[in-house]
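User: I would like to learn how to read packing and contacts in a model. Could you take me through this one?

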Amino acid sequence: MNKPDIFFLSHGGGPMPLLGDSSHKEMVACLKNVATKIRKPSAILIISAHWEENVATITSTLKPSLIYDYYGFPKAAYEITYPVKGEPALAQQVHKQLNKAGIKAKLDGNRGLDHGVFVPLKIMYPNADIPCVQLSLDRSLNAELHIQIGQALQALDYDNLLVIGSGFSFHNMKAFFAPESAEVLNLNKGFEQWLQNTCSNQNITEAARTELLNNWDKAPGARFCQPREEHLLPLHVCYGLANKACDESFNVTILNKLSSMYLWQG
């Protein structure tokens, strides 16, 4: 069994990457590039910032619907299709390993896939031919718990798996649409530099890296860039699974804000 490829991506604003929005060009190019760098997976497990539950919850349906969890966009945004299959066997394994690690978890046979799933996957794998399972965040938004969720996933026995954390390294909604200023740029840049160093620096021990990510809100610009951390925590799950510095990082500008993505190759 080979180790999974693991990818934290910044998924942009709602359906905008699929609607030809110019401020998402770098993001779209990056996702397409990463899809060519890694082997084509047999299945994808994806943790999206847009699903929170009281306990870690896993989609277990064979035919997931799409959830258009955004509003105010053109009609085309609600006609996007991505007829991907689910993978109940993988869902069962995820459920088993989380429970085995003492992390409460449940299966959900009804929930579909939100835009944090189908938007980036439609860019990376437009043929919708790779089965997909979605894992929720825990509503506590506890950083340490989400690293532990990733650690529990190390025991998955599934060959050629891709695990994706779908979030956004910058997610201050007001700042996306406010005038640019030197202060905003410095806060954005400060947090990105901290995040890049934390995820990429091979000289940091894993104990120290874990400590940094557990206390991410102490980083420069942290609470400006992430007023609420749901878009950062998919990264914690990815790191918990990888337990090492990333193999490659990517800098992209999305919606005129500095953001980043991180890849661990199996």
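This is a predicted model: local features need pLDDT of at least 70, side-chain atom pairs count only at pLDDT 80 or more; totals for chains, interfaces and linings use all residues.

User: Where does Thr59 lie, and is Thr59 buried or exposed?

Analyst: Helices (H or I, at least four residues) and strands (E, at least two) are DSSP runs, numbered from the N terminus. Thr59 belongs to strand 3, residues 56-59. For burial, under 20% relative accessible area is buried, over 50% is exposed, and in between is partly exposed (1.4 Å probe, protein chains only). Thr59 has 3% relative accessibility, so Thr59 counts as buried. Contact means heavy atoms within 4.5 Å. Leaving aside residues up to four places away in sequence, Thr59 touches Trp51, Ala91, Asp108, Arg111, Gly112, Leu113, Val133 and Gln134.

User: How do helix 1 and helix 3 pack?

Analyst: Two packed helices are described by the angle between their axes and the distance between the axes. Axes are lines fitted to C-alpha atoms, for helices over the stretch in contact, and angles run from 0 to 180 degrees between N-to-C directions. Helix 1 and helix 3 pack at about 65°, with axes 8 Å apart. For handedness, a crossing is left-handed if the near helix is turned anticlockwise from the far one by less than a right angle, and right-handed if clockwise. This crossing is right-handed. On the helix 1 side are Met27, Val28, Leu31, Lys32, Val34 and Ala35, which meet Pro120, Ile123 and Met124 of helix 3. By class, that contact has 8 nonpolar, no polar and 1 charged residues. In this scheme Ala, Val, Leu, Ile, Met, Phe, Trp, Tyr, Cys and Pro are nonpolar, Asp, Glu, Lys and Arg are charged, and the others, Gly among them, are polar.

User: At what angle do helix 4 and helix 7 pack?

Analyst: Helix 4 (residues 143-152) and helix 7 (residues 206-214) pack at about 135°, with their axes 8 Å apart. Angles under 35 degrees count as roughly parallel, over 145 as roughly antiparallel, 65 to 115 as roughly perpendicular and the rest as oblique. Helix 4 and helix 7 are therefore oblique to each other, and they pass in a right-handed crossing. Ala143, Glu144 and Ile147 of helix 4 make the contact with Thr210, Leu213 and Asn214 of helix 7. The classes here are 3 nonpolar, 2 polar and 1 charged.

User: How many residues of helix 9 are buried, and which residue with positive phi follows helix 9?

Analyst: Helix 9 (residues 233-242) has 10 of its 10 residues buried, so helix 9 is largely enclosed by the rest of the structure. Asn243 follows, with a positive phi near 55°. Asn243 sits in the loop between helix 9 and strand 7 (248-254), and Asn243 is partly exposed at 36% relative accessible area.

User: Which residues does Val94 touch?

Analyst: Val94, in helix 2 (residues 88-100), touches Leu45, Ile58, Leu153 and Leu156, not counting residues up to four places away in sequence. The C-alpha atoms of Val94 and Leu156 are separated by 6.9 Å, though 62 residues apart along the chain. Val94 is buried, at 0% relative accessible area.

Methods
Residues are numbered from 1 along each chain as its sequence is written. Side-chain values use heavy atoms; hydrogens and water are left out.
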